[in-house]
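Me: Got a model open here. Can you walk me through the local geometry?

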Amino acid sequence: MSFLILCLTTLGSFVVLFIVAKFVGHKQIAQLDFFDYITGITIGSIAAEMATELEQPWKPLTAMVIYGAITLLLSVISNKAPRSRKYLNGTPTILMDHGKLYRENMKKAKLDLSEFMVMCRQQGYFDLTSIQTAIFEYNGKLTILPVSSQRPATPNDLNLAPEQELLFTELIMDGRILEDNLKRMGLDLTWLDKQLKQRHISSAKDVFLAVCDRNLKFVLYEQSRDKN
């Protein structure tokens, strides 16, 4: 009987962990910040405890839900109040600028010179003289701006004037006609209706996205319909 309960609690911990991860979002997997790290290791530990808790599995279950809710709440706060990100996630730190290394900033970022050199080499910079600015981002990654002589050449550097790429303008978005964009393109509703009829679309409400370039190339994506 206890073996059956152990199997059920293990399965339950897996299901709850999956649901909590879904609510937290893919950022937990793709890009960890300070709070994501805390939540990730803690929820994993609680889930393991729940799998072996045979008497009162609701206690670790409640703790998992609370940790997930805290992470979700912090995410909402950082989105609603951008200024709070400075205190929740931290701020970027300039480690090097115009050939000058900022050792105090390295100490704040908990990095020493050898670690900084490793991160530079990982991005292909073996010589510090080829780096103009190096910024340690709050997510633990190093962003490097090379000196002008090391940057990839652009058409402007070669005094070239290539033809501008054709940009698409949205005419219908999520079933709603963007009349201002139509006027900006010199088009009207009659032209748009003709384009829809040619593609056997009865109404703009059936269109998820429709775009048009300066050559009047019209591309649309129909609304997806759930399959039963």
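Me: What is the phi of glycine 124, positive or negative?
Reply: Positive, near 90°. Glycine 124 follows helix 7. Keep in mind that this is a predicted model.

Me: Which residues of helix 7 are buried?
Reply: Phe116, Met119 and Cys120.

Me: Where do they sit around the axis of helix 7?
Reply: On the same side, because they cover an arc of only 100° around the axis. The general rule is this: an α-helix has 3.6 residues a turn, so residues three or four places apart point the same way.

Me: And what covers the buried residues of helix 7?
Reply: The cover includes strand 1, strand 2 and helix 6. Strand 3 (131-136) and strand 4 (142-146) are part of it too.

Me: Where is lysine 110 found?
Reply: In the loop between helix 6 (103-108) and helix 7 (113-122).

Me: Is lysine 110 buried or exposed there?
Reply: Exposed, at 70% relative accessibility. The cut-off for exposed is over 50%.

Me: What about phi of histidine 98?
Reply: Near 50°. Histidine 98 is also a residue other than glycine with a positive value.

Me: Which loop holds histidine 98?
Reply: The one between strand 1 (93-97) and strand 2 (100-101). Histidine 98 is exposed, with a relative accessible area of 61%.

Me: Switching to aromatics. How many aromatic pairs are there?
Reply: The structure holds 1. The partners are tryptophan 191 and phenylalanine 218.

Me: What is the geometry of that aromatic pair?
Reply: Edge-to-face. The rings are 5.7 Å apart centre to centre, with 90° between the planes. Edge-to-face needs planes over 60 degrees apart.

Me: Where in the chain are the two partners?
Reply: Tryptophan 191 is in helix 9 (residues 189-198). Phenylalanine 218 is in strand 8 (residues 218-222). They are 27 residues apart, and the pair links distant parts of the chain.

Me: Are tryptophan 191 and phenylalanine 218 buried or exposed?
Reply: Tryptophan 191 is buried, and phenylalanine 218 is buried as well.

Me: Last topic, confidence. What is the mean pLDDT of the protein?
Reply: The mean is 77. Of its residues, 74% reach 70 or more.

Me: What about residues 26-30?
Reply: The pLDDT is below 50 over that stretch. Beyond near neighbours in sequence, residues 26-30 have 5 contacts in the model.

Terms used. Residues are numbered from 1 along each chain as its sequence is written. This is a predicted model: local features need pLDDT of at least 70, side-chain atom pairs count only at pLDDT 80 or more; totals for chains, interfaces and linings use all residues. Side-chain values use heavy atoms; hydrogens and water are left out. Rings of Phe, Tyr and Trp (its six-membered ring) pair if their centres lie within 6.5 Å; planes under 30 degrees apart count as stacked, over 60 as edge-to-face and the rest as tilted. Helices (H or I, at least four residues) and strands (E, at least two) are DSSP runs, numbered from the N terminus. Buried means under 20% relative accessible area, exposed over 50%, partly exposed in between (1.4 Å probe, protein chains only). pLDDT is the predictor's confidence in each residue, from 0 to 100. Contact means heavy atoms within 4.5 Å. The arc is that of the directions from the helix axis to the C-beta atoms.
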